[in-house]
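Please open the model in a viewer and keep the selection panel at hand. The stops below say what to select next and what is to be found there.

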Amino acid sequence: WCSQWRLAVNIDKSKIVHFRRKRQAKTKAIFNIAGTALEVVEYYKYLGVYFDEFFNFKANAKFLSAAADRALGAVIAKYKINNNMSFSTYQKLFDNTVAPILDYGSHVHGYHTWSEIERVQTKASRIFLGVHKFAATCAVAGDVGWVSAHTRHKLNHIRYFNKLLSMPDNRLPKRIFLEQKSCTN
């Protein structure tokens, strides 16, 4: 097929992930492209989302929280340079630079609460309030008035679900959704 349509596959970027249940053995099959065996990996980054072999998004949460923490570092630097920054300005910076990273792909990675992601948001709150890292998390959250990342992720699930429902039936995401729905009934 690749030869017929003159498609060159980048073998260095092509990997195999055997999606499976934890108790199921990893495949021993060897996958080749043009005579070169592809590496079997535990997770793969696709469109910025890390998919692991057990559909556990822990690695994804780890990478997203690290990226968001770097973005938060830039926000903190701006905050320290501008001593008189208002909370609304700080919140806008957080909402436009850090939160999108924390929420990226949240409509696909389940209802699990990712402590790594929550930790970054709590750190942002503590820095603005100027409280110690051992200050009660619920008090810090209450003082800034932000919803948890987990709540934002649930809202993203609902938005995506509604988007799927309103999609034409011939769209691939809608077809997959309908197929999964028919399997669970």
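Begin by selecting Lys123, which is partly exposed at a relative accessible area of 36%; here buried means under 20% relative accessible area, exposed over 50%, and partly exposed in between, with a 1.4 Å probe and protein chains only. The model is a predicted one, in which local features need pLDDT of at least 70 and side-chain atom pairs count only at pLDDT 80 or more, while totals for chains, interfaces and linings use all residues. Residues are numbered from 1 along each chain as its sequence is written, and side-chain values use heavy atoms, with hydrogens and water left out.

**From Lys123 to Asp69**

The side chains of Lys123 and Asp69 form a salt bridge, 3.0 Å from N to O; the term requires a side-chain nitrogen of Lys or Arg within 4 Å of a carboxyl oxygen of Asp or Glu. This pair connects distant parts of the chain, with Lys123 in helix α3 and Asp69 in helix α1, 54 residues apart. Helices (H or I, at least four residues) and strands (E, at least two) are DSSP runs numbered from the N terminus. Asp69 is partly exposed, at 31% relative accessibility.

**Helix α1**

Select residues 58–81, the extent of α1. The end C-alpha atoms of α1 are 34 Å apart, which agrees with the 34 Å that its 24 residues should span at 1.5 Å a residue; the expected span is 1.5 Å times one less than the number of residues. Next, colour the buried residues of α1, among them Ala61, Leu64, Ser65, Ala68, Leu72 and Tyr79. The elements that cover these buried residues include β6, α2 (87–103) and α3 (115–129).

Move to Glu116 in helix α3. Is Glu116 buried or exposed? Glu116 counts as buried, at 13% relative accessibility. Apart from residues up to four places away in sequence, Glu116 touches Lys58, Ala61 and Ser65, where contact means heavy atoms within 4.5 Å.

Then select Thr97, in helix α2. Thr97 is partly exposed, with a relative accessible area of 32%. With residues up to four places away in sequence set aside, Thr97 touches Ala71 and Val75. From Thr97 to Thr113, 16 residues along the chain, the C-alpha separation is 21 Å.

Select Glu53, in the loop between β6 (49–52) and α1. Glu53 is buried, with a relative accessible area of 6%. Beyond neighbours within four places in sequence, the contacts of Glu53 are Val17, His18, Phe19, Arg20, Lys26 and Glu42.

Arg20 is buried, at a relative accessible area of 13%.

The side chains of Lys26 and Glu53 meet at 3.5 Å, N to O. This pair also links distant parts of the chain, with Lys26 in the loop between β1 and β2 and Glu53 in the loop between β6 and α1, 27 residues apart. Lys26 is partly exposed, at 30% relative accessibility. In the whole structure, a search finds seven salt bridges.

**Two positive phi angles**

Most residues other than glycine have a negative phi. Select Leu47, which is not a glycine but has a positive phi of about 50°. Leu47 sits in the loop between β5 (43–46) and β6 and is exposed, at 63% relative accessibility. Next select Phe55, also not a glycine, with a positive phi of about 55°. Phe55 belongs to the loop between β6 and α1 and is partly exposed, at 49% relative accessibility.

**Cysteines**

How many disulfides does the structure hold? The number is zero, a disulfide being a pair of cysteine sulfur atoms within 2.5 Å. Select Cys2, which is partly exposed at 30% relative accessibility, and then Cys138, which is exposed with a relative accessible area of 65%.
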